[in-house]
Amino acid sequence: MDADCVLLLPGVCQVLLDSGRSLPDDTTLEKLLDWLTGITEADKEGSLLEVHPCLLEFISFVVCKTSSDPSVISFTLKLCGLMGATEDGFKRLQESSVLDLAFSRQHWHEAGLWEDPCIRIGWIQGLRSMLLHSKALSFFVQADLTAQLLQLQTDTSLFVASAANQMLAHILLFFQPVMSAGCNTIGKKHWEDKRTQASIIGPGVTMDTSEDYDAVLAVTSKYLQESLVPKENTQFHQSLQTLKLLGLLLAQARPPLRDQLLQTAADPLEEVVTAGCSQLTLPLMDVVLAAYSSSTGEGVPDQHVARLLSSMLTMSKPADLIQAAAALLSRGHPDSVHAAQAVRILLLPLDLITGQALLGTNTAADKHRFSMVDQLKSKTSCISMICVCLTNTPQISLMPADLLPCPSASIVTAVLSLLRICSGDSSSSPAGCPEVFRNVISSGKVQKSALEALTGLSSSPGVKGMLIEVLAVLIEYLNHPDSDPIVLHKSYQAVVQWLSVCVDLSFTTDKLQQDLVEVVKKRVCDMRWEVRDSTVEFLGKLAGVLVSAKVAPDTSEVLLGGCCSASLLREALQDPESYVRASAISALAQTLAHSWQQGAAPTQQQTDIVSRLLEILSQDTEGFARRAVVQYFIAWFSSRSSSTSRSPSTSTCSTSPLLMNSVSTVLSLGSADLDWEVKVHTLELAELLLDEAFLGHRGYRKGSDTHLALPHPYAVVSDQTCTLHTHNRKRTEGMDSDLAIRLKTLVEQGVFSVLLSGLVDCDRPVSLKACQLLIKFRETVCPVSIEAPEETVAEVSCELPGWGWGQDISKTLGMTMSDQAKVADIAANGAHVFDSEDCKENVNKGGDSVCVRVCEVLRSLGLDAKLDILIQSSDHVHNSPLSLLQDILTAGAAHSHPDTQPGQEVIVDCY
Amino acid sequence: MPEIKVTPLGAGQDVGRSCILVSIGGKNIMLDCGMHMGYNDDRRFPDFSYITQNGRLTDFLDCLIISHFHLDHCGALPYMSEMVGYDGPIYMTHPTKAICPILLEDFRKITVDKKGETNFFTSQMIKDCMKKVIPLNLHQTVQVDDELEIKAYYAGHVLGAAMVHIKVGSESVVYTGDYNMTPDRHLGAAWIDKCRPDILISESTYATTIRDSKRCRERDFLKKVHESIERGGKVLIPVFALGRAQELCILLETFWERMNLKAPIYFSTGLTEKANHYYKLFITWTNQKIRKTFVQRNMFEFKHIKAFDRSYADNPGPMVVFATPGMLHAGQSLQIFKKWAGNEKNMVIMPGYCVQGTIGHKILNGQRKLEMEGRATLDVKLQVEYMSFSAHADAKGIMQLIRMAEPRNMVLVHGEAVKMEFLKGKIEQEFSIDCYMPANGETVTVTTNPSVPVDISLNLLKREMALGGPLPDPKKPRTMHGTLIMKENSLKLVSSEQALKELGLNEHQLRFTCRVQLQDPHSDPDTLHRIYTHLKSVLKGYTIQHLPDGTVMVESIVIKVSSSAEDPNTKVLLLSWSYQVKLSSFLMILSSPGISPV
């Protein structure tokens, strides 16, 4: 524990004792407990109570003084459990007679506090933390707490009930006996204790633990037997909770415990399955599956459990049946027989509604057919069942063929038929169930599920040939006047997904292409911004898919039949909604990516786009669009860099003046932007320029993790690094001379200014990124390890404006340099001002501007110290334990002396 | 009996992370999906695992309704829809939909600023989430599905804040979100129909407070700012982008105009334009005065308030700066605070609540030495003031809303337990209704009286009127007799004759019989005669006949006498009556002196 915190801890305990209501806020106690939990975990000796006696005094006092605030009592119970988690701590608490009182339900009940759920939560969580060793288990059993805990399982508070279940599962699983190697009987088991294994290996302790454990198991088993089956309608809650407990236990129980649990629960479980209570279907399925998978893990599945599983898949209520089948598939199908059965169940509603005969002609085998049709006639259950089925279709279609009653293509056909029915066209489903049609027509929920299913089904085997049919339905949806924005969005997603799988455009027809063009043209002008945005995003994704699939360059144009997505996107740059403008910019970047990679000279259209983008960057009131503009140039610059590296011959034409001029403007506008993310992206663009200028140069590494990459000045340099440097030196000998030129170029491009302005930005992510880049810059141009940089390099200067960031940098330079007493004449001027031909002209124009040498600035800014601070994040100071303890003390003091509090009472309202 | 269940996952006896689950008529509705800014981990979001069995929220919830754009009400929305995977309908008003992303983006920035932040949503997620939102208009009933309908009402509080009336069949719940019952400088007061919901779920931030008049607070605020400016100091007002910032701007603008003050007022990071844009766009959501004067002069086009540049902070002389964020935990407000903290002439006014750990919280608690990064210490010499301008209903306002809506039950959320307890007592006393204040995770269950709509036949109504009763009045319910029949899935109350006719049934008469034993030594006819005489004497207004077939008839009740085979003195009276007759009164007459039953 931090020495400062040690000093404050007694005072904090005192504040908590005095009144919990003076706490800074409702999170304080939880944060305090988090901190103490961390310390306890690190304290292997368990000596925390000894080292900090105030903690024990605090616990004893609160436990006895029931008048404390309930939240403080709850915290104390949790703390008490935490301290008792080690045997030493437990012993100390017991010696102080704290435990009996703290975990006595009667005690809190008599004080009228048990009604408060936070006390019950504290009680459970305290016990949960403590029950990590055999002594705690003995205490738990002797105090007869199992029954009380079981009672809390059906508590009125969801949180208490869930915590009680977790706690019961913890006891039975944590202390569960393990079979000795070669032993199969429970009599020869030994006891496992994860923390204090050494202390309970002795036969006496083993026996104690065994007895205690058996006692808990006996009470719990009896409870399981009695409460699994709901006696009346009102007892569903208890059965539900008991099933959840059993599910938790069976998921992790090992053989002796698992066998015992199964033996205990077998009959009641069968009874519950037979009773067919809909509310219990899912937890029941969880239990059966957990039992099944744990029993199959050791070879032959337990016949009884297998029978239960089969019964679950033959339940009489169709809705329950669907739920059970879906649960079986989602938890990984246990065996082919049951999986095939589940598949048939899940495909049945789709088969019935669409009449697609997914289950073959032998439909007599599906005895649920009639009840299912009946159920489908009710709108609510029809929608709910069909949605569950649809959600599972992609997974079903990927299952081994022998488990499927039909090829995947038939499932796709059925989903397409359903989509048609939903939009009012049942002509493709003559064998379907017309009485059910009215339930799904115009149902947004079914449409969304079906479109999602269709998207998922695109990767199923043997379905690529269905592209035309799929596109036809999707275009119909995109065209439908009543389609809501989410349905349209999902339709676009499905189109992109299917096209990304089936990139061969011969699968499509001219008519389809034309239809797609028409609908996109229509939707890009939709009244709703959500629809316009999805359309614009679609155009970008389509281009992205086709580029990544390496198909012909103009495929997207071909697909869109010359509708010219770029011109549609250009239009969208004027959209009144900033989200749409931003999407249009990103989509343009994706659309033009191919031509950039080819290094083609920019067309007039591209030039126009660039001017419009720069206009957006300088004038748009919303950050989203401005961020997208900077990212557009990042994408352009990167694609150009990658194409240069791949093919040097194209580098000349790819280094278009349009791009380079724009980049300078972007840097200057972006660094002065009001949005932090625009500034971060601008720094990313600056980093690309640095990469291009310095890559291959000594000391320069690509990537932004500069802090880790930088070798410590006194670090041992590995052989590998030396070799690399030697090699670089040889290769870069000729390059040293042009380092100054490169540096000058960067300054002229505005890269250095961007980095400096970023460094003093009020948004930490911006200044952190800038600081990292400046260190990288410094290590390349004038590393600290070299006494003086090359003269030509040292001479390169830049201009610091006399306002804003320039002023801040000047101040920093003045301070750090005067502190270090490096240069005597700097203190007076605040910066090392000198005459330089390069920036003299500008300085004269700017009035207050000053010229400084780049290397001097880089070496004098105290970048490493600044990085250390920035890397700590804004939370470092405010949310440190010390800050928390100080806040508690201050709030306590303010509460006890209300006069010291400024103004009126601070009421927690909203934010 | 049908039940409505209300379970807060957040805002149950606390503020932050508002998230309330309502189960009504088989539908599950989530009200708000907020975050708790006091936490840095998953605890900041509501824990949805408690309410879903299979992890699919979409299967469980029928819809989600967001009351307004504050993060404690909508901060977990992208988490829920894009990370947890809720894909069902989300409702909020138009202004909330437009402004929500700004606040969410602001918060995203803060999380990026923190180290090791994972599991947080991206900009794209915020947008994708917003695209799923279905906008609500005030007073327009929206049919979520065949059974569930919702209707939004004006809540004041912030631009676009709404209360919502949720109805399934005859059961209904109103959720207030945060609301304000008194109009302020730019927003109106909350209002709702007398909708008599089964439950009114109300915020209770100011449960025990009767707030002093707004004018006093405003005067106090202006006085403090003015004094500071007069002595050449600088005033920092940390605010969140939208909300009370606009209220304070209007206040200062008017004051500057009136007093002809020259000191500059700045608003940071271009938010004035943005806010202006939204207030213009949603002018109908502002108060009457602003709406009326909008044509001549837009209140949000400030003459004295200019955009701030970071270099201005170093300018000499007095100034007022509104800077974000509001809790002094990062960004521009913190940067300016650091610059100005050392001068006792300067002042910082905190207009809202700050969570633990933030500089705002520390200085409000009176800390004057703040440890900053790199173990540097900042001496706080400037004046620190707290002036709450939050637009919540106070205790009086809450009572006023109850009077307006006339709920059958109350549930208090979004407040402190101790204060809620006090208000609960007041509500129960004044309105004689049950008031609950569930903790997070606790479920309030309210049983409702199902109201089943029934058609009444015109003939029956006419007959009832013919009987001379008062004319039907919806405010005065009265009992009406008839036969309830169900035909073609609808219920009808008709006369019994019409019921028989409509259902094609024959009428049957049901008679009840019983035996009464008497000790009487006379012959059977004598005994019967004695009974006849006795009845004649006591039942004056009734038709009593001694019939020749050896029976006595009192109205429709038939009495016959026979002797017991074993004992001729024991007479057996056979009584037979139809269902209309009240036998008890008759038996009482029989048991009266003169004839004593065995």
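Across the interface of domain 1 and domain 2 of chain B, the rule finds one salt bridge. A salt bridge here is a side-chain nitrogen of Lys or Arg within 4 Å of a carboxyl oxygen of Asp or Glu. The side chains of B:Glu218 and B:Arg185 meet in a salt bridge at 2.9 Å, N to O. This is a predicted model: local features need pLDDT of at least 70, side-chain atom pairs count only at pLDDT 80 or more, and totals for chains, interfaces and linings use all residues. Residues are numbered from 1 along each chain as its sequence is written, chains are lettered from A in the order in which they are written, and side-chain values use heavy atoms, with hydrogens and water left out.

Domain 1 of chain B spans 3-210 + 391-447, and domain 2 spans 214-386; these bounds come from an automatic or database domain assignment. Their C-alpha centres lie 29 Å apart. Each domain gives 25 residues to the contact (heavy atoms within 4.5 Å). The two bury about 2,300 Å², with 70% from carbon and sulfur atoms. Buried area is the accessible area (1.4 Å probe) lost by two parts on being put together, summed over both. On the domain 1 side, B:Leu159, B:Arg185 and B:His186 lose the most area, together 35% of what that side buries.

Now the chain interface. Here 84 residues of chain A are in contact with 95 residues of chain B. About 7,600 Å² is buried between the chains, 50% of it on carbon and sulfur atoms. A:Phe159, A:Asp909 and A:Tyr911 lose the most area in chain A, together 12% of that side's buried area. The chains share 14 salt bridges. A:Arg627 and B:Glu105 form a salt bridge through their side chains, at 3.1 Å, N to O.
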